[in-house]
Amino acid sequence: MRGRMAQDRTNTPRTRTIKTDYLARVEGEGAMLVKIAGGVVEEVKLDIYEPPRFFEAFLRGRGFTEAPDITARICGICPVAYQMSSCAAMEQACGVEVGGQLRALRRLLYCGEWIESHALHVYMLHLPDFLGYESAIELARDNVDAVAKALELKKIGNELMALLGGREIHPINVRVGGWYRVPRKRELRPMREQLERAREIALETVRFTAGLDFPDYEQDYELVALDEPGEYPIDQGRIVSNRGLDIEVSEYDDHFVEEHVAWSNALHSSLRERGSYLCGPLARFALGFDRLSPLAADSAREAGLEAGERNPFRSIVVRSVEMVYAADEAIRLIDEYEEPDAPAVELEPRAGVGYGCTEAPRGILYHRYELDAEGTILDAKIVPPTSQNQRTIEEDLRGVVERSLDVPDEELSILCEQTIRNYDPCISCATHFLTLEVERS
Amino acid sequence: MRKPKLAVWKFASCDGCQLSLLDCEDELLAVAGEVEIAYFLEARRAIGKGPYDLSLVEGSVTTAHDAERIQHVRRVSKKLVTIGACATAGGIQALKNFADVKDFLSVVYASPEYVSTLETSTPISAHVPVDFELHGCPINKRQLLEVLTAFLHGRRPAIPSTSVCTECKRRGTVCVMVAHGTPCLGPVTHAGCGALCPAYDRGCYGCFGPMETPNTVSLTKQLQVLGLDERDTERVYRTFNVEAFENARANGPR
């Protein structure tokens, strides 16, 4: 057995070790280690021991149309992100574009995932840290109203996904080229009322989270997000940063590199030129603020957020603003919906490489596939947002601990966990990778 | 009266099946009122001491450490229910059971010495006795609630083991294979999803694994009549329940 969750305190006056063997309220299995010696933070590690499942290895030899359903199984929390990035990559490889209402429906499905995933994280995984509870279940004993609203919000996100995708976890209706079946206008209409309710709860959530106490911490991050003119980044765009990065998705591998470190079953990503970076809500918000819907932008301003927000603890407010946006955007997409003539674009495979990148709730998710002329996958590469944020999470841990050296161990441990949860890390996503060592029994 | 203790454990998986419990938005607080959610790391930081009256286990065994850990889970659990394709059949990661390991190793990697993994991905039942298996990739949350209710009341869950076809009939969906010539695994796949795919003009792709006594030989012939070549036929059976379908094909009616 790996150790218990208890925080080990093998401390002498000079050295302190803060350790959590099982990180709770994150998706997947990870641990955390901080070593402090003589008042200096000596070591910080986000140890990801979730067993790898080798998706990129067994995607080889599969058909290009299978990628959306197979890669969805990397993550039960953000399957839509995997379906969207893999479809984008395959469609590019085949030389077709999926636009118009077929694309609008994809964006609508994605809004459902953002609402569901953000509601889960804001209320059930992150908020207990701010209010001093072990879980949302304990929180519900004192504040059943907040938890009931959270569940209502989350449910509306799930219902939107189930309506378009057939079900909320691993939707069945997404395919390369579009959809198996597109909804009738009258099927979408009842959803509109639900989304208005979601928007209302999301607005309350922004106000509520804005009033929480935030540790005083900022870092000068390089923020990376998608960029599409006139749109808040969700399903397509160039990859840009606040330090001048501005590339096509197909140039990703020229600028980003993945590295394997001993303490993590997830590869660490960095920018070749400049090192660590941050993707996800803070980055999207900083780079896409001017493209939020007026209501979402107003709610952000009221909450005291500015486009330059750099306090990762305030990501809980940014996620809440993104829920307002996602509900607003979903309503717009439903209002403008016209039934397309066909549920999917016809396409034929061809030999080549395709690239796809979309904004998972946690940040950019990059896929690249090499296909042969029959559409069989020769090579696959998938870089999830949690891999990309790992180095930044560790830097934040170091920074937070350095500012909190006089905090007692138990409290410091909770603060460190909260620091990690700022990123809504998805550890199941991060350990899908390729490398394999065999233990023969 | 003491509330029964529930534990939720994770092995190699995507988190989706345990998320199904949190996705029971209308029932979650009621469930939390009936049972003590003693161990559920995805949702709760505190750990309540075992033994647990009911353990839900998600994920497959892929490491030596996990092979030991499942023994511990069994020891501290009065009843153990596996949830989802990974836990009941090894999941999609069981594709490596059929791959030549050399092929995997020949793939370019960074530092394999950092990673340790077994050669196979195996279901929980290959390691310890299991009291009930709930199928699906992901599981159906209504069925999960039925399983919870049944175990709390000491009865067998009412989960049908028929095929997806019966669900299509009940739903009134026109058969996609007969009417449109769409290849469909419905005739051999375990019911449980509510026959989602055919309702969306798509053939079933086997998320719930093989039904009881599936006639895969007959279906394979029909798939080939509909134009699937051997490669595509292999692909449709080899996904999230690859191990279970391969067993069914090897042992089924000839």
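Why does Leu144(B) count as buried? In this predicted model, Leu144(B) has 26 C-beta neighbours inside 10 Å, and a residue is called buried once 20 or more such atoms lie within that distance. Leu144(B) therefore counts as buried. The residue belongs to helix α6 of chain B, which covers residues 141-152. If neighbours within four places in sequence are set aside, Leu144(B) is in contact with Ser20(B), Leu21(B), Ile83(B), Leu134(B) and Ile139(B). A further point of reference is Ile159(B), 15 residues away along the chain, whose C-alpha atom is separated from that of Leu144(B) by 9.7 Å.

Strand β1(B), residues 5-10, is mostly covered, with 6 of its 6 residues buried. In a regular strand, side chains alternate between the two faces of the sheet. In β1(B), Lys5(B), Ala7(B) and Trp9(B) point one way, while Leu6(B), Val8(B) and Lys10(B) point the other way. The residues of both sets are buried.

Two further strands of chain B are joined to β1(B). Strand β2(B), residues 36-40, runs parallel to β1(B) and is joined to it by 4 bridges. Strand β3(B), residues 52-58, is likewise parallel to β1(B), and here the bridges number 5. Val8(B) illustrates both pairings: its bridge partner in β2(B) is Phe40(B), and its bridge partner in β3(B) is Leu56(B).

Attention now turns to chain A. Its secondary structure comprises 14 helices and 15 strands. The C-alpha trace of chain A spans about 70 × 55 × 45 Å along its principal axes. A compact globule of 441 residues would have a radius of gyration near 22 Å, and the 21 Å of chain A therefore agrees with that expectation. Of these 441 residues, 57% count as buried. Among contacts in chain A between residues at least 6 apart in sequence, 71% join residues at least 24 apart.

It remains to consider how the two chains meet. The contact takes 56 residues from chain A and 59 residues from chain B. On the side of chain A that touches chain B, the elements that each supply at least two residues are α1 (55-59), α2 (67-72), α4 (100-131), α5 (136-142), α6 (144-165) and β15 (438-439). The largest share of that side, 5 residues, comes from α6(A). By residue type, the side of chain A that touches chain B divides into 27 nonpolar, 12 polar and 17 charged residues.

Definitions and conventions:
Residues numbered from 1 in each chain as written. Chains lettered and ligands numbered in written order. Predicted model: local features only at pLDDT ≥ 70, side-chain atom pairs only at ≥ 80, totals over all residues. Buried ≥ 20, exposed ≤ 12 C-beta atoms within 10 Å, placed from the backbone. Pairing = 2+ DSSP bridges. Contact = placed C-beta atoms within 7 Å. Nonpolar A, V, L, I, M, F, W, Y, C, P; charged D, E, K, R; others polar. Rg over C-alpha atoms; globule rule 2.2 N^0.38 Å.
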